[in-house]
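User: Please take me through a structure one feature at a time, giving the general idea of each feature before the case at hand.

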Amino acid sequence: MSDDRPIVYREADKWIFRASAVGSSIRELAAAMLGYEPLPAPDYLMAAAAAGNAYELVVKAMLRDQGHRISGEQSQIEIPVGDDAVIRGHLDSWHIVDEDNTDRILEIKSMSESVFARWVRSGFDSFPEYAAQVTCYMEGAGGRPAVYATINRDTNQLLTRILDEPPVPFTEVADRVLRAVQAADEGVLPTCDRKSPYMCPYHYLCDFPDVQVEKLQGESESILARLGLQYNQARIAEKLASARKSELAEQIKQTLGSRSHVSAGSWVFNCTELTRKKLNEAALRGELGARLDEFYTETSYKRLLVKETKPA
């Protein structure tokens, strides 16, 4: 069942932190607690979430075919943090047991091909929300180990990792929760420490007036470091959205078949064959030679390259 409540919400006298979001930046967590409205999730993320629900069943079937015994599905965990907060989440399965008879919890993530490649390349280092989430689940399960299963939705490639220890210490997660509670109590938004590859739903709060103040204080390097991270997040989101859009366009074309115009629900689909003319510059230069240069106009612009440096 879908739940449209914020990543942190009030229940009775407690703040409820979603385990799936507790690895977000402290600024995001505090923004949710202070009542700021998140930006709507992009369509490709909504589609990915829906696909994740469907692929959970696929992955469990694949694991059972490999000999795993799975039970205790969608069990809820709650972890008190301090006096005012609770981390709440739902395990994909409370028990997964294979031939070594070790009892572990199960967490499943479905990913697009590009996200899956990033996961294979750098694992939890690039996905702090995933790291914090499974850390909470392992803590809530009494410190039991975990099977972390990831599947590529484009190829159905399944990878499993055995986590005998959580990706990050739970004390770090609890500290983030306590700092978010303190920030909300004080009515302030902390400095952004976001490391996620996904777009921040409170990106609009990182505005230029703050940047101008920091410039006056002579901290341009810290500004650029933050902007570089946000720029890269936007670039990744753009690539993911473009890939998803192309994938959906191809599915629509295949579904339309030979039909050029179809109405379905509130949508109208038109698919027509078009031709496009392209100037053959090489042939034109063969005719005009160096005279072709006379027909070019020059404009100036600033070329921006943003590249993340890797530690040695």
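**Reading the features of a predicted model**

Analyst: Asp293 has a relative accessible area of 43% and is therefore partly exposed, a class that lies between buried (under 20%) and exposed (over 50%), as found with a 1.4 Å probe and protein chains only. This is a predicted model, in which local features need pLDDT of at least 70 and side-chain atom pairs count only at pLDDT 80 or more, while totals for chains, interfaces and linings use all residues. Residues are numbered from 1 along each chain as its sequence is written, and side-chain values use heavy atoms, with hydrogens and water left out.

User: With which residue does the side chain of Asp293 meet in a salt bridge?

Analyst: A salt bridge requires a side-chain nitrogen of Lys or Arg within 4 Å of a carboxyl oxygen of Asp or Glu. For Asp293 the partner is Arg285, at 3.0 Å from N to O, and Arg285 is itself partly exposed, given its relative accessible area of 31%.

User: How many salt bridges does the structure hold, and which residues are linked in a network of them?

Analyst: The structure holds 10 salt bridges, and the network links Arg5, Glu11, Glu78 and Arg88. Within it, Glu11 forms a bridge with Arg5, where the closest N and O atoms are 3.9 Å apart, and another with Arg88, where the corresponding distance is 2.7 Å. The pair of Arg88 and Glu11 links distant parts of the chain, since Arg88 belongs to strand β4 (residues 85–97) and Glu11 to strand β1 (residues 8–11), 77 residues apart. Strands here are DSSP runs of E with at least two residues, and helices are runs of H or I with at least four, numbered from the N terminus. Arg88 is buried, its relative accessible area being 16%, whereas Arg5 counts as partly exposed at 39%, as does Glu11 at 31%.

User: How many aromatic pairs does a search of the whole structure find, and how is such a pair described?

Analyst: The description rests on the distance of the ring centres and the angle of the planes. Rings of Phe, Tyr and Trp (its six-membered ring) pair if their centres lie within 6.5 Å, and planes under 30 degrees apart count as stacked, over 60 as edge-to-face and the rest as tilted. The search finds 5 aromatic pairs. In the pair of Phe127 and Tyr130 the centres are 5.1 Å apart and the planes stand at 5°, so this pair is stacked. Both of these residues are buried, and they belong to one aromatic cluster that also includes Trp119, Phe124 and Tyr148.

User: How many residues of α1 are buried, and which residue with a positive phi follows α1?

Analyst: In α1, 8 of the 8 residues are buried, so this helix is largely enclosed by the rest of the structure; among them are Arg27 and Glu28. The helix is followed by Gly35, whose positive phi is near 90°. Leu34 lies in the loop between α1 (26–33) and α2 (43–65) and counts as partly exposed, at 31% relative accessibility.

User: How should I read the chain as a whole, starting with how many helices and strands there are?

Analyst: The chain has 8 helices and 9 strands, and 36% of its 312 residues count as buried. If contact means heavy atoms within 4.5 Å, then residues 24 or more positions apart account for 66% of the contacts with a separation of 6 or more.
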